[in-house]
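Thanks, everyone. Let me put the model on the screen, and then I'll walk through a few spots on it.

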Amino acid sequence: MGRVTERRKVIRIRDGAVSTRPDTLVAEEPLEIRLNGKPLAITMRTPGDDFALAAGFLVSEGVLADQGDLQNIVYCAGATADGSNTYNVVDVRTAAGVVIPDITLERNVYTTSSCGLCGKASLDAVRTTARWPIDDGEGTPVRLDPDLLAVLPDRLRAAQRVFDRTGGLHAAALFTEDGELLDIREDVGRHNAVDKLVGRALQHGNLPLSRTILLVSGRASFELAQKAVMAGIPVLAAVSAPSSLAVDLAAETGLTLVGFLRGSSMNVYAGEHRLALRTAAAQA
C-alpha cells in the first residue's frame with residue numbers, strides 16, 4: 001500500500017550549521033479491529049500486514065488457535081464522512097462453530113500497564129485462555145547455546161529494512177532453535193510486530209510455534225510474554241529489560257525468558273533449563 005514511510009521537512013543542525021532537508025519517517029495510523037462485525041479494539045500501528053496483525057491479536061486474546069478458526073479478514077469502510085475505505089478498519093470473521101470468549105476483561109489486562117487489575121488477575125487470564133502448554137514439542141528438549149542467542153540481535157538488525165530508512169521502528173523476529181531466521185516484522189509498536197508474526201503463522205497453519213525463539217528489539221513486557229505463551233513459543237529474548245509480571249508469567253508457564261541480550265551478555269530470568277550453561281549459576 002506504500003504507506004510504511006512518509007516524508008517530512010526537517011531543520012537539521014550539525015556542528016552549528018543549519019540546513020533544511022526532507023526526512024523519512026515511519027508511518028503511524030490507527031487500525032480498528034472488528035470481530036464478526038462488532039468493534040473490538042483500536043491499535044496504533046505501521047500500515048502493512050494488517051490482516052496478520054488482526055489475526056495475531058486474536059490468537060493472543062484466545063479467539064483463534066487454528067487456521068480453520070478463521071473464515072476471512074477484509075478491509076471495510078472507514079470513518080470518513082463519505083464512507084470511503086481508509087484501509088484502517090478490518091473485520092475478522094470466524095468460522096462457524098468458533099466459540100467467542102468474553103474478552104472484555106482480558107483486553108484491558110493485556111494492553112495497558114495501568115489497567116487497575118492486579119498481577120494475579122493478569123496471570124489467571126492467560127492461564128485460562130492458553131491453548132497449548134509451553135513445551136518443546138516432539139523429540140529431544142530444546143537446548144540452546146548462549147553463544148547462539150548472542151548473535152541473534154545482529155541478525156535481526158540486519159533484516160530490519162524500514163529501520164535503516166527511519167530509525168523509528170521496533171522489530172520482532174522468529175528463529176529456529178538453530179538460529180535460522182524464519183520471519184521478521186516491523187512496527188511502531190513491538191506488540192504489533194509480534195502480532196504480525198503470530199498472525200502470519202496462523203494464516204499458514206504453523207501454530208503452535210514450538211521449538212522457536214522470539215526475539216524483540218526492546219523490553220519484554222507482560223504483554224509480549226503473554227503473546228509468546230498464547231502462540232506456544234518456548235523462548236522469548238529481548239535486548240532490554242523484562243517487567244516483573246513478565247518474569248512471573250514466564251516462571252509459571254515454563255517460558256524461557258532472556259533479557260538484556262547484548263553481545264555476549266544476557267540475563268536469564270526463567271526457563272534456564274533450555275540453556276546449555278557452561279558453569280553453575282552464581283549463588284545469591
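Arg7, Arg12, Arg14 and Arg21 form a positive surface patch. This is a predicted model, so keep that in mind throughout. Where does the largest share of the positive patch come from? Strand 1, residues 5-14, supplies 3 residues. Arginine 7 sits in strand 1. Is arginine 7 buried or exposed? Exposed: its relative accessible area is 52%, and the cut-off for exposed is over 50%.

Now the helices. Take helix 7, residues 222-230. Helix 7 is mostly covered, with 9 of its 9 residues buried. Just after helix 7 comes glycine 232, with a positive phi of about 75°.

On to helix 8, residues 244-253. Which residues are buried there? Ala246, Val247, Leu249 and Ala250. These four lie on the same side of helix 8, because they cover an arc of only 165° around the axis. What does the face turned away from the buried side carry? Ser244 and Ala251, both exposed. Glycine 254 follows helix 8, and its phi is positive, near 90°.

How values were computed:
Residues numbered from 1 in each chain as written. Predicted model: local features only at pLDDT ≥ 70, side-chain atom pairs only at ≥ 80, totals over all residues. Heavy atoms only, no water. Patch = residues over 30% accessible without salt bridge, like charges linked within 9 Å, V, L, I, M, F, W, Y side chains within 5 Å. Areas by Shrake-Rupley, 256 points an atom, 1.4 Å probe, with all protein chains shown as cover. Salt bridge = Lys/Arg side-chain N within 4 Å of Asp/Glu carboxyl O. Lys, Arg positive; Asp, Glu negative; His and termini not counted. Charge placed at Lys NZ, Arg CZ, Asp CG, Glu CD. Helix = DSSP H or I, 4+ residues; strand = E, 2+ residues; numbered from the N terminus. Buried < 20%, exposed > 50% of the residue type's maximum accessible area, 1.4 Å probe, protein only. Arc of directions from axis to C-beta.
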